[in-house]
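Let's take a friendly walk through this model together. Keep the structure open beside you as you read.

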Amino acid sequence: MSETEIIQTLLNIRFTDVLDILIVSVIIYYLLKFLAGTRGWQILIGLLILLLFWIIAKIFQFETLGWIFENLWSIGIFIIVVLFQPELRRGLAKLGEKGIFKFLSPSNKKVVDDVIRACLFMADRKIGSLIVFERTVDLTNYIEGFVRIDAEITPEILITIFTPQTPLHDGAVIIKEKKIAFARAFLPLTVSTDIPENVGTRHRAALGITEETDAVAVVVSEERGEISLAVDGKLHRNLDVLMLRKKLYKLLEIEKPSTFEILRKRLKKAKHEAK
């Protein structure tokens with residue numbers, strides 16, 4: 001394409017074309033953001049791999065493989081509905097309740113600092129606990145046997161909940177919209193075998209909920225008195241207060257860096273790589 005043709009093409013672009021592309025981009029962005037951290041994300045990756053095989057079959061004219069994919073795509077919409085049924089249900093519910101552009105704000109600086117203070121107190125006294133921050137994925141579809149609390153977050157309340165022999169000490173606390181939403185919540189346990197043998201049920205529950213959702217879980221070990229953090233199905237163990245605060249601030253998007261700071265860090269990284 002010549003330079004004149006490129007200029008002519010750009011001049012023919014209408015405002016509605018730009019708006020159309022922008023809307024599609026926003027929909028794709030929020031769709032990927034919603035699926036991230038869930039089983040739906042893994043299914044989406046699998047579908048993309050199948051799509052790649054179909055393209056290869058078309059390019060190299062693999063007749064048998066091409067025939068299989070062509071017949072598979074004809075019922076693809078029904079397969080997608082079945083595979084993504086939980087995600088579609090949650091997405092439509094979220095859209096109806098809050099709107100697509102309004103996501104949960106799981107915490108602020110004070111909430112996180114109060115949780116950290118409670119965890120430090122419990123770690124020092126080896127009081128086991130599991131505190132889960134809900135982010136964009138609604139956790140009510142994943143928890144069982146919970147007790148609704150709807151209380152303001154304070155270190156004293158959290159410590160009281162997890163004190164042994166009290167009615168609510170077992171299970172997890174769910175933090176939602178800057179409040180203690182539920183206590184004594186039982187979470188799905190991880191099915192992964194690639195975890196340390198000396199971790200208990202709380203850690204397995206923390207891994208399980210972060211494998212299926214984008215939640216962030218903080219665990220205090222009753223046996224060792226150490227604090228761990230689970231996110232994206234990975235466990236970060238034996239964190240000190242500074243590292244725990246740093247990770248939570250980043251994951252819960254507290255004190256976001258300015259655009260200037262982001263650009264400065266990128267330039268610094270680029271210079272370092274150039275050397």
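In this predicted model, R202 and E222 join their side chains in a salt bridge, with 3.4 Å from N to O. R202 sits in helix α9 (residues 201-212) and E222 in the loop between β5 and β6, so the pair links parts of the chain 20 residues apart. R202 is partly exposed, at 21% relative accessible area, and E222 also counts as partly exposed, at 40%.

The loop between β5 and β6 also holds E226, which is 11 residues from R237 in the loop between β7 and α10. The side chains of R237 and E226 form a salt bridge at 3.2 Å, N to O. Here R237 is partly exposed, with 27% relative accessible area, while E226 counts as buried because its 11% falls under the 20% cut-off.

A further pair is E134 and K176, whose closest N and O atoms lie 4.0 Å apart. At 1% relative accessibility, E134 counts as buried. In total, the structure holds 11 salt bridges.

Now look at the strands themselves. Seven of them make an open sheet of mixed pairing, ordered β2-β4-β3-β1-β5-β6-β7. At its edges are β2 (147-152) and β7 (234-236), each pairing on one side only. Within the sheet, β1 (residues 129-133) and β5 (residues 216-220) are antiparallel partners over five bridges, and F133 has V216 in β5 as its bridge partner. Across β1, β5, β6 (227-231) and β7 lies helix α10 (residues 241-251), running at about 20° to β6.

Methods
Residues are numbered from 1 along each chain as its sequence is written. This is a predicted model: local features need pLDDT of at least 70, side-chain atom pairs count only at pLDDT 80 or more; totals for chains, interfaces and linings use all residues. Side-chain values use heavy atoms; hydrogens and water are left out. Two strands pair if DSSP finds at least two bridges between them. Helices (H or I, at least four residues) and strands (E, at least two) are DSSP runs, numbered from the N terminus. Contact means heavy atoms within 4.5 Å. Axes are lines fitted to C-alpha atoms, for helices over the stretch in contact, and angles run from 0 to 180 degrees between N-to-C directions. Buried means under 20% relative accessible area, exposed over 50%, partly exposed in between (1.4 Å probe, protein chains only).
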